[in-house]
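Open the model in your viewer and keep the selection tool at hand. The tour below goes from the whole chain to single residues.

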Amino acid sequence: MATEETATDETGSQETPVDGDAASRVVVSYPEDLSDWGRFQVEKPSFRAFLRKTKGRVTAGDEWEEFVGVGCCGNTLDVPLRVEDVEGGDRMGPETAIAFEVREACGIEGGWQVQSAGGSNEI
């Protein structure tokens, strides 16, 4: 049975109805060259909860550019995420398991690059 719930849209200011069944599992990838610090931010339980609350309908191939943190110098790290697989439904739900996998590098600079000019790409 399809259920309806609301999800925050991309601006975070409106709630829009979401129809469909909650996925049991969603696989999301991030680029291979994401730093250890960036991976730590993305894989935290709080970031998974953020995705569950802010993403409604999900389809393999969806791409999201998500803010994951601010370095000490005020530079932001936005990570390109991509939905690789959706199992058991077509939307995020409060119980949806989110698994992460690594995909090809894309030239992202994170870690200390975010926090200080010329730093390494590691914690």
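**The whole chain**

Start with the cartoon view: the chain has three helices and six strands, where helices (H or I, at least four residues) and strands (E, at least two) are DSSP runs numbered from the N terminus. Read from the N terminus, the elements follow the order β-β-β-α-α-β-β-β-α. This is a predicted model, in which local features need pLDDT of at least 70 and side-chain atom pairs count only at pLDDT 80 or more, while totals for chains, interfaces and linings use all residues. Residues are numbered from 1 along each chain as its sequence is written, and side-chain values use heavy atoms, with hydrogens and water left out.

Of the 123 residues in the chain, 39% are buried; buried means under 20% relative accessible area, exposed over 50%, and partly exposed in between (1.4 Å probe, protein chains only).

**The nonpolar core**

Next select Val42, Trp64, Val79 and Leu81. Of the 20 residues in the largest nonpolar core, these touch the most other members. Such a core is a set of buried Ala, Val, Leu, Ile, Met, Phe, Trp, Tyr and Cys residues joined through side-chain atoms within 4.5 Å. Two or more core residues come from each of S3, helix H1 (36–43), helix H2 (45–54), strand S4 (63–70), strand S5 (76–87) and S6. S5 gives the most, with four residues.

Now centre on leucine 81. Not counting residues up to four places away in sequence, leucine 81 touches Val28, Ser29, Tyr30, Val42, Phe47, Asp62, Glu63, Trp64, Glu66 and Arg103; contact means heavy atoms within 4.5 Å.

**Serine 29**

From there, move to serine 29, which is in strand S3. Is serine 29 buried or exposed? Serine 29 counts as buried, because its relative accessibility is 0%. Its side chain and that of glutamate 84 are joined by a polar contact of 2.6 Å (a pair of N or O atoms within 3.5 Å; within protein, one must be able to donate a hydrogen and the other to accept it, and residues adjacent in sequence count only if both atoms are side-chain atoms).

**An aromatic pair**

Finally, show the aromatic rings. A search of the whole structure finds two aromatic pairs. In one of them, tyrosine 30 and phenylalanine 100 are tilted, at 6.0 Å centre to centre and 40° between the planes. Rings of Phe, Tyr and Trp (its six-membered ring) pair if their centres lie within 6.5 Å; planes under 30 degrees apart count as stacked, over 60 as edge-to-face and the rest as tilted. The pair links distant parts of the chain, with tyrosine 30 in strand S3 (residues 25–31) and phenylalanine 100 in strand S6 (residues 97–103), 70 residues apart.
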